[in-house]
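Please open the structure in your viewer and keep the selection tool at hand.

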Amino acid sequence: INKPVNMNWDTRGRLWVSGSTIYPHAKPGQRPNDRIIILEDTDHDGRFDKRKVFWDKGRYLTGMAVGHGGVWIGNSPELSFIPDRDGDDVPDSEPIVMLDGFRLSTNNVLNNFHWGPDGWLYGALGVDDPSHIGKPGTPMEQRFEMSRGIWRFHPVDHTFERVADGMVNPWGADLNEF
C-alpha cells in the first residue's frame, strides 16, 4: 500500500486498514486494486498474527469506517457501502454507491471517516473546486454544492448534510461538547 492509508478499529478489536496502490494516479490500463485489510491479534501479544484481505477492487480509497453491518468507503469520487451483515469478513455484494459527485483531485478528496456520538458518519472534503453531492441519479439542481469542509451522512435514512464549509483542505475534525 502506498497511500493514503486509513485505519479503523472494529468492535472485535481488529484493525482495518485501507490504502491505495495506485496513488496518486492510475496508469493507463491499470485495474483498480486498492484494498482493505483486516489485521487481528489472536494471541493478544500486541502484534497482529492474522491478516485477511476484505476487498481489493477499490479505486483511490480515501476514507473508511466500519459499522452498521459493513464498511463505508471513500471509493473516490463516491461514498459507498460494502455490506457484511453476517460479519464473516466477506462482502455480501459489490459496493453500493450511497453518494456521488465528489470531485477528484490528487490529494484533496473526501476523507477522514469517523462515527459521531450522534450516530452519523462524518467526513471531510478538501477540494477547491466545488463538488456536487447527491444520491446517484439526483438532478444537478437538487445536489449539495460543497468544497473544503466537513459533512455528515446518516447510515439509516441516508440523509446528507454539510456541517462546515469553506475550510482549507481539511483532513479531519474532532468532536467535543460544542
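A residue is called buried when its relative accessible area is under 20%, exposed when that area is over 50%, and partly exposed in between. The model on display is a predicted one.

**Confidence**

Colour the chain by pLDDT before selecting anything. The mean over the chain is 88, and 92% of the residues reach 70 or more. Confidence is lowest in strand 1 (residues 5-9), with a mean of 86, and highest in strand 8 (residues 96-99), with 98. Where pLDDT is low, the predicted coordinates should not be read in detail.

Select strand 1 and display its side chains. Which of them point to the buried face?

Strands 1 and 2 run antiparallel and are joined by five bridges; Val-5 has Gly-19 as its bridge partner in strand 2. Five residues lie between the two strands of this hairpin, where Gly-13 takes a positive phi near 80 degrees.

Continue to strand 3 (residues 34-40). Strand 3 pairs with strand 2 in the antiparallel sense, again over five bridges, and Gly-19 has Arg-35 as its bridge partner in strand 3.

In general, strands of a sheet pair through backbone hydrogen bonds, either parallel or antiparallel.

**Second stop: His-68**

Select His-68, in the loop between strand 5 (61-66) and strand 6 (70-75). Is His-68 buried, exposed or partly exposed? Its relative accessible area is 43%, so His-68 is partly exposed. Leaving aside neighbours within four places in sequence, His-68 is in contact with Phe-81, Arg-85, Trp-115, Gly-119 and Pro-155.

Select Leu-79, Phe-102, Trp-151, Phe-153 and Phe-160. These are the residues with the most contacts inside the largest nonpolar core, which has 16 residues. The elements that give two or more residues to this core are strand 7 (78-83), strand 8, strand 9 (110-115), strand 10 (121-125) and strand 13 (149-153). A second, separate core of eleven residues includes Ile-38, Val-66, Ile-73 and Ile-82.

Centre the view on Phe-153. Among the residues that Phe-153 touches beyond four places in sequence are Trp-72, Leu-79, Met-98, Trp-120 and Phe-160.

Which strands make up the next sheet, and in what order? Four strands form this open sheet in the order 9-10-13-14, with antiparallel pairing. Strand 9 and strand 14 (160-164) stand at the edges; each has a single partner strand, so one side of each is left without a neighbour in the sheet. The twist from one strand to the next averages 25 degrees. Select strands 13 and 14 together: they run antiparallel and are joined by four bridges. Trp-151 stands opposite Arg-162 in strand 14.

Select Ser-131, which lies in strand 11. Ser-131 counts as buried because its relative accessibility is 0%. Its side chain reaches the backbone nitrogen of Arg-103 at 2.8 Å. Beyond four places in sequence, Ser-131 touches residues including Phe-102, Leu-125, Phe-144 and Met-146.

**Last stop: Arg-143**

Select Arg-143, in the loop between strand 11 (131-133) and strand 12 (144-146). Why does Arg-143 count as buried? Its relative accessible area is 17%, which falls under the 20% limit. The side chain of Arg-143 is joined to that of Asp-100 by a polar contact of 2.8 Å. The side chain of Arg-143 also reaches the backbone oxygen of Lys-135 at 3.4 Å. Beyond four places in sequence, the residues touched by Arg-143 include Gly-101, His-132, Pro-136 and Thr-138.

Conventions: Residues numbered from 1 in each chain as written. Heavy atoms only, no water. Buried < 20%, exposed > 50% of the residue type's maximum accessible area, 1.4 Å probe, protein only. Polar contact = N/O pair within 3.5 Å; in protein donor to acceptor, adjacent residues only side chain to side chain. Contact = heavy atoms within 4.5 Å. pLDDT = per-residue confidence, 0-100. Core = buried A, V, L, I, M, F, W, Y, C linked by side-chain atoms within 4.5 Å. Pairing = 2+ DSSP bridges. Axes fitted to C-alpha atoms, helices over the stretch in contact; angles between N-to-C directions.
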